[in-house]
Amino acid sequence: MVDVGMTLEMVEASQLGMRALGAALAVGLTGIASGIAEMTIGSAAVGATAENRDVFGLVLLLTVIPETIVIFGLVVALLLLF
Amino acid sequence: MAGISSGLATNYIYACTRMRVRRSLLIPREDYLRMLNMSLPEITRFIGETNYRSEIDELGTSFSGINLVEEALNWNLAKEYQNILELVPGELKYFTASYLRRWDIQNVVTILRGKMQGVQPGKLKEVLIPAGRLDKVALDRLLTEESPERVVEALKGERFYQILERELPRAMETGSFAHLENELYKGYYARLIADAKEGVKGGKMFLKYIELEIDTRNIQNLFRLRAGLVREDVRELMIPGGSFSVEELQRLSGLEDRDEFIDALKRQVRAAPLLNALEAIRGKSALHEIEVALTRFQLDQMERMSKRYPFSVLPVIVYLEEKKYEVANLRALARGKEAGLPGERLQGYLVM
């Protein structure tokens, strides 16, 4: 991306922009992935809880496990930005 | 991914999980074995502490003894089936409703038999299980009709009306509804196959279940016919649409020797579980043991299929079938205890 005609400020700004874009992709895509994973687990969890209330605590835990995917994305984004 | 991300798939997952949880709450084998050593009041109390509590409490004031158990079981089964029909979504509802129509046939034939013999409508109502398309109100209307002909007339517009209309005169003449019942069930299975092949999503899996059901039913009937020493033309008694053709079944029924019959049957079968079941049957002589073994095979096979297609109509049907046998088991237990049969004898009749 470095052009012969670019100044140092321009190069730094472009690098910052790319980092921000990378961070946005890291959080955005992992967010979508978590959503898809939680959709299936969540519907099964609601079904199981409707029949047997005792499993609520357990299925809640199972439902949030895919949440780790988006947390990894967030960590990567933060590392990129700071 | 396309399958997962559509809204429909989550409905399937929701409904199938509910069915699996319900299945896990059915009475386990150990409890049946415990109940074999109980008396009738103890059994009533025991099932009053399980899923049947609300029915036992509700009916406790108007019925007692064996009638209380029987009524509570019937009510619970009907309530459970109607409840499932409400909670399953879209295509699953279509197939489940199609499957549940067998109860309409059972109810209508019970009403026709009762009317023929002049049984009081109140008494007749106690044995009906409104689990199919004909609900309590529709059945009550049928019960108020005076003669079998009027009952059939009132069913105009139902799927099986044509068969009823065609077969009723013969049944009235001979006084036996057996042929009418056979024809109704054959019509039911033909209709199930037609529904499965209609192109609704998931029909392929439903068709697999129907074929298994027809095969098991036909094999059971062949064993029954052998036990009853019936050597006539069995083509009319067999259900078409399974993996055996009616001609093949007719040929099999002609074999005199029992071992030869089982060997011939085994040559036609490819599925290993059925081969094992048939081999296990070889050592059994009593008809009820053979029937229980085949029913157990069918349930196990359905369970395997439902695991292979976890989000299809199969988990729903597996639960419906297992619930049916749970009710049948409890009824057999209660009736057997009432008649004073020993536990060991009763055990042979239970599908555990």
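A residue is described as buried when its relative accessible area is under 20%, as exposed when that area is over 50%, and as partly exposed in between (1.4 Å probe, protein chains only). At 38% relative accessibility, A:Leu81 therefore counts as partly exposed. The structure is a predicted model, in which local features need pLDDT of at least 70, side-chain atom pairs count only at pLDDT 80 or more, and totals for chains, interfaces and linings use all residues. Residues are numbered from 1 along each chain as its sequence is written, chains are lettered from A and ligands numbered from 1 in the order in which they are written, and side-chain values use heavy atoms, with hydrogens and water left out.

A:Leu81 is placed in helix 3 of chain A, where helices (H or I, at least four residues) and strands (E, at least two) are DSSP runs numbered from the N terminus. A:Leu81 also belongs to a nonpolar surface patch of about 630 Å², together with A:Val27, A:Leu74, A:Val76, A:Leu78, A:Leu80 and A:Phe82. Patches are made of residues with over 30% relative accessible area and no salt bridge; like charges are joined within 9 Å, and nonpolar side chains (Val, Leu, Ile, Met, Phe, Trp, Tyr) within 5 Å. The accessible areas come from the Shrake-Rupley method with a 1.4 Å probe, and for residues only the protein chains shown count as cover. Helix 3 (residues 67–81) of chain A gives the most to this patch, with 5 residues.

Salt bridges were examined next. In one of them, B:Glu181 pairs with B:Arg113, with the closest N and O atoms 2.9 Å apart. This pair links distant parts of the chain, since B:Glu181 lies in helix 12 (residues 178–196) and B:Arg113 in helix 7 (residues 90–116) of chain B, 68 residues apart. B:Glu181 is partly exposed, with a relative accessible area of 22%, and B:Arg113 is likewise partly exposed, at 33%.

A salt bridge is also formed by B:Glu158 and B:Arg133, whose closest N and O atoms are 3.1 Å apart. B:Glu158 lies in the loop between helix 10 (148–154) and helix 11 (161–174) of chain B, and B:Arg133 in the loop between helix 8 (121–126) and helix 9 (136–144), so the pair ties together parts that are 25 residues apart in sequence. With a relative accessible area of 15%, B:Glu158 is buried.

The side chains of B:Arg224 and B:Glu291 meet in a salt bridge at 2.6 Å, N to O. Because B:Arg224 lies in helix 13 (residues 203–227) and B:Glu291 in helix 17 (residues 287–308) of chain B, this pair ties together parts that are 67 residues apart in sequence. B:Arg224 is partly exposed, at 36% relative accessibility. A network of salt bridges links B:Arg20, B:Arg23, B:Arg296, B:Asp300, B:Glu303, B:Lys307 and B:Glu322.

Grid points are joined across faces, edges and corners, and a volume is the space filled by probe spheres set on the points. The largest pocket holds about 1300 Å³ of space. Of its 35 lining residues, the closest to the centre are B:Tyr185, B:Arg217, B:Gln220, B:Asn221 and B:Arg224. Helix 18 of chain B supplies the largest share of this lining, 7 residues. The lining divides into 16 nonpolar, 7 polar and 12 charged residues; Ala, Val, Leu, Ile, Met, Phe, Trp, Tyr, Cys and Pro count as nonpolar, Asp, Glu, Lys and Arg as charged, and the others, Gly among them, as polar.

The second largest pocket contains about 570 Å³ of space. Of the 21 residues that line this pocket, B:Glu211, B:Leu212, B:Asp215, B:Ser243 and B:Ala271 are the closest to its centre.

The search of the whole structure finds 1 cavity of 30 Å³ or more. The largest cavity is lined by B:Leu222, B:Leu225, B:Arg226, B:Val230, B:Arg231 and B:Ser253, and helix 13 of chain B gives the largest share of this lining, 3 residues.

Key: Salt bridge = Lys/Arg side-chain N within 4 Å of Asp/Glu carboxyl O. 1 Å grid on protein atoms, 1.4 Å probe; cavity = no way out; pocket = protein on both sides within 12 Å on 5 of 7 lines; lining within 4 Å.
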